[in-house]
Amino acid sequence: MTTLDVTTATRPLLSGGTIPQVGLGVWQSPRGAVTRDAVLTALRHGYRHVDTARIYGNEKDVGAAVRESGIPREEIFVTTKLWNEDHGYDAALGAFDASLERLGLEYVDLYLIHWPVPGKRKDTWRAMERIKAGGRAKHIGVSNYLVKHLEELLADATEPPEVDQIEIHPFLQHRETRAFCNERRIVVEAYSPLTRGEKLDHPVVQEVAKRLKRTPAQVLLRWGIEHGLVVLPKSTHEKRIVENAALFDFALDTKGKEALDGLDEGLATGWDPRTQK
Ligand SMILES: NC(=O)c1ccc[n+]([C@@H]2O[C@H](COP(=O)([O-])OP(=O)(O)OC[C@H]3O[C@@H](n4cnc5c(N)ncnc54)[C@H](OP(=O)(O)O)[C@@H]3O)[C@@H](O)[C@H]2O)c1
């Protein structure tokens with residue numbers, strides 16, 4: 001039996017290939033040495049997936065770390081995202097070129113529409129399809145799309161999105177969107193999987209962590225892993241980067257899983273696509 005770890009645990013993608021199930025998030029990771037060091041640290045500890053975006057302002061540092069790491073490019077999965085003001089066919093093509101330039105990479109593994117901006121998002125998707133056809137994004141997808149947004153996109157898309165990145169943790173489970181994606185083999189990525197720290201002290205999370213002799217952060221992330229999600233924890237601290245990757249040498253017990261499954265309260269810690277037409 002092969003034992004999975006942060007390097008080897010993956011999910012299959014629709015058009016072939018795989019995506020590592022744990023990725024380092026870098027939102028609010030300051031540009032410059034802090035982000036570069038966080039990415040290098042994560043890669044050194046076995047991570048093979050980094051999630052950035054134009055709006056995070058740190059694509060340059062992510063790209064530098066990927067290049068400096070000495071790890072073959074094809075072994076690292078790099079995601080970036082198209083920002084809201086870059087919607088529309090031509091604007092999206094230009095925004096992608098600019099992201100690639102800042103990253104200093106020949107391709108990204110995944111390019112996502114960051115938010116379902118109304119009006120232009122269908123034209124944007126046509127640009128995403130063209131970008132994928134050109135090979136400079138191996139995979140394309142969306143973020144903050146719920147069922148209504150996905151249905152609209154799928155109605156006239158040539159290429160389906162391969163990934164939907166949304167906020168998910170036990171306190172916000174998006175079951176309907178997850179079921180919709182699972183039926184269509186769209187990989188669901190959980191952003192803010194640690195609730196941005198808000199619920200690490202919750203008594204149920206604390207109780208499960210204590211019983212399993214793990215940390216609250218590991219319990220939240222393991223819950224995501226066991227639901228087949230890709231999880232994207234952010235930290236710039238080595239101790240936490242290591243902690244957030246140590247998810248494959250334990251499992252939730254039934255009692256813990258049921259308790260966590262019961263915590264959904266619709267808590268959006270950031271922006272909330274349920275309000276977006
Ligand atoms: N597509 C979107 O719209 C969207 C929106 C939000 C996020 N994201 C992506 O998802 C990633 C993660 O989400 P997030 O950054 O919002 O929040 P998160 O990963 O849920 O939480 C990050 C916070 O938790 C702290 N933390 C990390 N590990 C910890 C641990 N083991 N114990 C205690 N605290 C810990 C971090 O602090 P330190 O850094 O100081 O350790 C930081 O304050 C982002 O970085 C980004 O890549 C995407």
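The structure is a predicted model, in which local features need pLDDT of at least 70 and side-chain atom pairs count only at pLDDT 80 or more, while totals for chains, interfaces and linings use all residues. Residue numbers start from 1 along each chain, following the sequence as written.

Starting with the overall picture, the protein has 10 helices and 10 strands; these are DSSP runs (helices H or I, at least four residues; strands E, at least two), numbered from the N terminus. The radius of gyration comes out at 18 Å, close to the 19 Å that the globule rule gives for 277 residues, so the protein is as compact as a globular protein of that length. For that comparison, the radius is taken over C-alpha atoms and the rule is 2.2 Å times the number of residues to the power 0.38. Along the principal axes, the C-alpha atoms fill a box of roughly 55 × 40 × 35 Å. Of the 277 residues, 47% are buried. Here, buried stands for 20 or more other C-beta atoms within 10 Å of the residue's own, exposed for 12 or fewer, and partly exposed for anything in between, with C-beta atoms placed from the backbone. As for contacts (C-beta atoms, placed from the backbone, within 7 Å), 73% of those with a separation of 6 or more link residues 24 or more positions apart.

Next comes the sheet. It is open, built from 8 strands in the order β3-β4-β5-β6-β7-β8-β9-β10, and the pairing is parallel; two strands pair if DSSP finds at least two bridges between them. At the edges sit β3 (24-25) and β10 (230-231), each with pairing on one side only. Helix α3 (residues 89-103) packs on the sheet and touches β5 (77-82) and β6 (108-113). The direction of α3 makes about 140 degrees with that of β5, where axes are lines fitted to C-alpha atoms, for helices over the stretch in contact, and angles run from 0 to 180 degrees between N-to-C directions.

Strand β8 (residues 163-167) runs parallel to β9 (residues 187-191), and the two pair over 5 bridges. Across this pair, Val163 stands opposite Val187 and Glu167 stands opposite Tyr191. In a regular strand, side chains alternate between the two faces of the sheet. Both faces of β9 are covered, with Val187, Glu189 and Tyr191 buried on one side and Val188 and Ala190 buried on the other.

Around the ligand there are 27 residues, the closest being Gly25, Trp27, Leu194, Ala217 and Lys234; the cut-off is a C-beta atom, placed from the backbone, within 6 Å. By type, the shell splits into 9 nonpolar, 13 polar and 5 charged residues. In that count Ala, Val, Leu, Ile, Met, Phe, Trp, Tyr, Cys and Pro are nonpolar, Asp, Glu, Lys and Arg are charged, and the others, Gly among them, are polar.

Pro20 belongs to strand β2 (residues 18-20) and counts as buried because it has 22 C-beta neighbours inside 10 Å. Leaving out residues up to four places away in sequence, Pro20 touches Ala9, Thr10, Arg48, His49 and Phe77. Gln28, in the loop between β3 and α1 (33-44), is not a glycine but has a positive phi of about 65 degrees. Gln28 is exposed, with 12 other C-beta atoms within 10 Å. Arg196, in the loop between β9 and α7 (203-212), also has a positive phi, near 50 degrees, but Arg196 is partly exposed, with 16 other C-beta atoms within 10 Å.

Key
Two residues are in contact if their C-beta atoms, placed from the backbone, lie within 7 Å.
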